[in-house]
Amino acid sequence: MPLNRRDFVARSAAVAAGTAVVAGATSASAEAASPELQSAGKQPKPNPTYSFTVLGTTDVHGNCVNWDYFNNAEYDDKAQNDVGLAKISTMVNGLRDEIGHHRTLLIDAGDIIQGTQLSYYFARVDPITVGGRKAPKHPMALAMNHIRYDAAALGNHEFNYGIPTLRAFERQCDFPLLAANALDPKTNKPAFRPFVIKRICVPNLPDIKVGIVGLTNPGIAIWDKANVSGKMTFGGIAEQAAIYVPKARSAGADVVVVSSHTGIDEASSYGDQIPWPEDAAAEMAQQVPGIDAILVGHTHKEVDQRLVTNTATGKTVVLSEPLKWGMRLSRFDFEVELVHGSWEVTSCVASVLNSNAYEEDPKVVKLLADEHAAVVAYVNQVIGTSTVDLSIARAPFQDVPIVDLIGKVMVDAVTTGLAGTSYASLPVLAQAAPFNRTADIPAGTVRLRDAAGLYIYENTLAAMVLTGAQLVDYIEFSANYYNTLAVGAPIVESALTNANNLPDYNYDEVYGLSYDIDVSQPAGSRVLNVTYKGAALDLTQQFVLAINNYRANGGGNFPHVATATQIWTSSDEIRNTMITWVKAKGQINPADFAASPGWRLVRAGVPLY
């Protein structure tokens, strides 16, 4: 009889616990002095102790220097955060000087090579996969090699540009990329190194062997299906940790730190489409013995320290997550004791440091000067003009033309793609989300960075067939984004959106339909007055929905998408499609695409705005 998921983790954990007992030793604090020493009145010689530190970043997302390529200026936000590996380099160098270079390790928890126009440029415009030995060097590899990372786990966004680009990046790195649960489908063995053991030299005593186990997010199988299907599979985080943490211990690791691109304990955005949870760090800490600390990633949250008790051993596992983009650095301070020839952890304390208190490392800035300049020139090229200023700031609350622009571009691309097919006669609609609340296309000259700032993800385009009834369900699901607003209550916009921590990118507007969302009603009963071209929506009519690949592959777990017929795909990113559209038109004029009347928020039938 096959094991279910819980049985598998429990059984693997039991095996791991057995391994830990065999490999480990009793701490000195629990040992009593021998009768001979007691009778002689002598105290036992204390065991040697030592300290070391593991530093960690995560979700750097292509941020090398403190620069906002969308706004063509130094990065700044309301919290005065700074970004980039140049800042991290200064922090790490200072800590190495303070703690000791020989007793400091530096790791990352993934999402390295996607997120800025800098990282995009070296994946698509001047790709690191072209030119053999003369191929350009990825700026993230240049920076991380210079800073001397010891290891990095893979994130889900590492797969956005395909496995060949990831492999090219791997070859350029002087440190291993780890992913114990990214598996070769033919052998079911890791396609990347599952762990590495780093040695910390202790004068006149055995080295401290630190095992770093890397794990990535199983959601890759959904989010980047086109890039990984048939080429790589992804196992559960706790399940694979239960296999490879004991292997790291058996290979000699005195201390095990897991670097895992997973949140602590949030619900999976993809529901039950795959059996492995998206955010499983707490589960792993609870169920897998032998882990001392976990560097957490993926959720873009700041967690100084979270303590989780392992149910098999009763030992405390220390978790920390350093926000995103190089804004923060996690610090794990370890104390160890040499007991019967093996080092044992006696203490681990985590904290998070803020990079905005540090200057950029001028060596990193100089190292990347040419790459940075090339990207600045690229993003500032003129692609057209706009008749008016288009801001996305109101998009979570009102139908605004800038989001309609995304919908129009997607509709036009799919309509062209379906020409001459049996689906060409079906009406085409589009989904679009307010990805970036600061996006703005100015009146007058429009540059590439203006369009790129509107569509910040490397999504490609697909087309699926849905009925009117299914589209209503789709919109209803999207309306879960709003908290309920009681009749007569004041409108507090900061409390109206992102219900249950739903991110903006999981709030879809459907371009081509008009509808009301009544936020005074409970979730699941909010969508009213859905019309198409001025008439009540025919629930039986078939439509083509232009949709991004993240959503088409099940991202966000929207209803009916997983079972819908996909009739067309494009290999080009939607962002590029938009840039091409603007270049071809020459001018952005909302009169050509703005939805009327579009969608609106209402309360008890009365429009909020």
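Figure 1. His157 counts as buried because its relative accessibility is 17%, where buried means under 20% relative accessible area, exposed over 50% and partly exposed in between (1.4 Å probe, protein chains only). The structure is a predicted model, in which local features need pLDDT of at least 70, side-chain atom pairs count only at pLDDT 80 or more, and totals for chains, interfaces and linings use all residues. Residues are numbered from 1 along each chain as its sequence is written, and side-chain values use heavy atoms, with hydrogens and water left out. His157 lies in the loop between strand 5 (151-153) and helix 6 (163-172); helices (H or I, at least four residues) and strands (E, at least two) are DSSP runs, numbered from the N terminus. The side chains of His157 and Asn160 make a polar contact of 2.6 Å. A polar contact is a pair of N or O atoms within 3.5 Å; within protein, one must be able to donate a hydrogen and the other to accept it, and residues adjacent in sequence count only if both atoms are side-chain atoms. Not counting residues up to four places away in sequence, His157 touches His61, Asp111 and Gln114, contact meaning heavy atoms within 4.5 Å.

**Figure 2. Ser330 in strand 15.** Ser330 is found in strand 15 and is buried, because its relative accessible area is 0%. Its side chain is joined to that of Ser320 by a polar contact of 2.8 Å. Leaving aside neighbours within four places in sequence, Ser330 is in contact with several residues, among them Val54, Leu55, Gly56 and Leu295.

**Figure 3. The salt bridge between Glu302 and Arg328.** The closest N and O atoms of Glu302 and Arg328 are 3.0 Å apart. A salt bridge is a side-chain nitrogen of Lys or Arg within 4 Å of a carboxyl oxygen of Asp or Glu. The pair of Glu302 in strand 13 (residues 302-309) and Arg328 in strand 15 (residues 328-339) links distant parts of the chain, 26 residues apart. Arg328 counts as buried at 8% relative accessibility, whereas Glu302 is partly exposed at 38%. By the salt-bridge rule, the count comes to 19 salt bridges.

**Figure 4. The salt bridge between Asp516 and Arg600.** In this pair, the closest N and O atoms are 2.7 Å apart. Asp516 in strand 24 (residues 514-518) and Arg600 in strand 30 (residues 599-603) are 84 residues apart and link distant parts of the chain. Asp516 is buried, with 7% relative accessibility, while Arg600 is partly exposed, with 38%.

Figure 5. Lys408 and Asp412 form a salt bridge of 3.1 Å, N to O. Both residues lie in helix 13, four residues apart, about one turn of the helix. Asp412 is partly exposed, with a relative accessible area of 21%.

Figure 6. The largest cavity has a volume of about 60 Å³. On a 1 Å grid over the protein atoms alone, a cavity is a set of points where a 1.4 Å probe fits but cannot get out, and lining residues have an atom within 4 Å of a point. Grid points are joined across faces, edges and corners, and a volume is the space filled by probe spheres set on the points. The lining includes Asp399, Glu509, Tyr511 and Trp599. Strand 23 gives the largest share of this lining, three residues.

Terms used. On a 1 Å grid over the protein atoms alone, a cavity is a set of points where a 1.4 Å probe fits but cannot get out, and a pocket is an open set with protein on both sides within 12 Å along at least five of seven lines; lining residues have an atom within 4 Å of a point.
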